[in-house]
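Biologist: I have a model open on my screen and would enjoy going through some of its residues with you. Shall we take them one by one?

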Amino acid sequence: ALPICKFQTAVGSTSCLPCDFHCAEGEYHEGCGGAATGSCAKCVTGQYKTIASIGGCAKCATGKYQESLGATGCNNCAPYTYQDEPGKPECKICDYMCGAGHFHTPCGGSESGECRLCSRGQYAGAGYTMACRACGAGKFANDVGQSSCTACNGVTEWQDGSGAHSCKAVRQCSDTQYETSAPTANSDRQCASHEVCSSSQWQSKAPTDDSDRQCTDHTVCTNI
């Protein structure tokens, strides 16, 4: 039998010739062996050859494609497409669809990306989501993968920041203070110190939790 990758067309020859035919760029040699010399053929789709040589065609790398025969190079995948396998004639379309509480990592080149859980303090609805949103003021998300944020009650808790994991405890006015502004979901209670009547004043109105003490000057008696 003739050696592999060699040929001989001359009858009675005692040796074979190597199949080392040069082919142009974008082509490779096929069909050489036995009594056949073979011929040059165009590189198939998904493959290329940059220079004329005896070598074969190479597969396009991941992140690239080639849809034409006889190519001398490969094309990069367009935005919003990717190819994670070598030697392909086209790229795949990115699919950014994720379930609620998830976001999709970047897709393109050789990466398809994937859906991942939103971090604490963030949320996302179901659909084409490339980033989670931060919870706004007055709200929080204390766990990963949330589809919505929870509101602070505005009575015992509040939150003025965004992307919060929890609410803040509402300030408590001391015994010598009164409330000047009630708390809300995104603002704290405001307190002020009660007025202290001087020795020349008397308390004309008692303080309450949300109102100040009122002091009035003593009447000064005069001799007639």
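Biologist: Let's start with Gln83: is this residue buried or exposed, and at what relative accessibility?

Modeller: Happy to. This is a predicted model, in which local features need pLDDT of at least 70 and side-chain atom pairs count only at pLDDT 80 or more, while totals for chains, interfaces and linings use all residues. Residues are numbered from 1 along each chain as its sequence is written, and side-chain values use heavy atoms, with hydrogens and water left out. Buried means under 20% relative accessible area, exposed over 50% and partly exposed in between, with a 1.4 Å probe and protein chains only. Gln83 therefore counts as buried, at a relative accessibility of 3%.

Biologist: Where is Gln83 found, and which residue has its backbone nitrogen 3.1 Å from a polar atom of the Gln83 side chain?

Modeller: Strands (E, at least two residues) are DSSP runs numbered from the N terminus, as are helices (H or I, at least four). Gln83 sits in the loop between strand E9 (81-82) and strand E10 (92-93). The backbone nitrogen that lies 3.1 Å from a polar atom of its side chain belongs to Glu85.

Biologist: Which residues does Gln83 touch, not counting those up to four places away in sequence?

Modeller: Contact means heavy atoms within 4.5 Å. With residues up to four places away in sequence not counted, Gln83 touches Thr62, Gly63, Lys64, Cys77, Lys88, Glu90, Cys91, Lys92, Gly109 and Ser110.

Biologist: On to the cysteines: how many disulfides does the structure hold?

Modeller: A disulfide is a pair of cysteine sulfur atoms within 2.5 Å. One of them joins Cys118 to Cys132, S to S 2.0 Å. In total, the structure holds 11.

Biologist: How many residues apart in sequence are the parts that Cys118 and Cys132 tie together?

Modeller: The link of Cys118 and Cys132 is left-handed, with -85° about the S-S bond. Cys118 is buried with a relative accessible area of 0%, and Cys132 counts as buried at 16%. Cys118 lies in the loop between strand E13 (115-117) and strand E14 (122-123) and Cys132 in the loop between strand E15 (127-128) and strand E16 (133-134), so the parts tied together are apart in sequence by 14 residues.

Biologist: What is the angle about the S-S bond of Cys135 and Cys149?

Modeller: Cys135 and Cys149 form a disulfide with sulfur atoms 2.0 Å apart. Cys135 lies in the loop between E16 and strand E17 (139-140) and Cys149 in the loop between E17 and strand E18 (150-151), so the pair ties together parts 14 residues apart in sequence. Both cysteines, Cys135 and Cys149, are buried. Their link is left-handed, and the angle is -85°.

Biologist: And in the pair of Cys173 and Cys191, what is the relative accessibility of Cys173?

Modeller: The sulfur atoms of Cys173 and Cys191 are 1.9 Å apart in their disulfide. The torsion about this S-S bond is about -90°, so the disulfide is left-handed. Cys191 counts as buried at 13% relative accessibility. Cys173 counts as partly exposed, at 24%.

Biologist: Turning to rings, how are the planes of Tyr80 and Tyr96 arranged?

Modeller: Rings of Phe, Tyr and Trp (its six-membered ring) pair if their centres lie within 6.5 Å; planes under 30 degrees apart count as stacked, over 60 as edge-to-face and the rest as tilted. A search of the whole structure finds 1 aromatic pair. The ring centres of Tyr80 and Tyr96 are 6.5 Å apart and their planes are at 75°, so the pair is edge-to-face.

Biologist: Last one: with which residue's side chain does the side chain of Arg189 make a polar contact?

Modeller: Arg189 lies in the loop between E21 and E22 and is buried, with a relative accessible area of 15%. A polar contact is a pair of N or O atoms within 3.5 Å; within protein, one must be able to donate a hydrogen and the other to accept it, and residues adjacent in sequence count only if both atoms are side-chain atoms. A polar atom of the Arg189 side chain lies 2.5 Å from the backbone oxygen of Arg171. The side-chain partner, at 2.5 Å, is Glu179.
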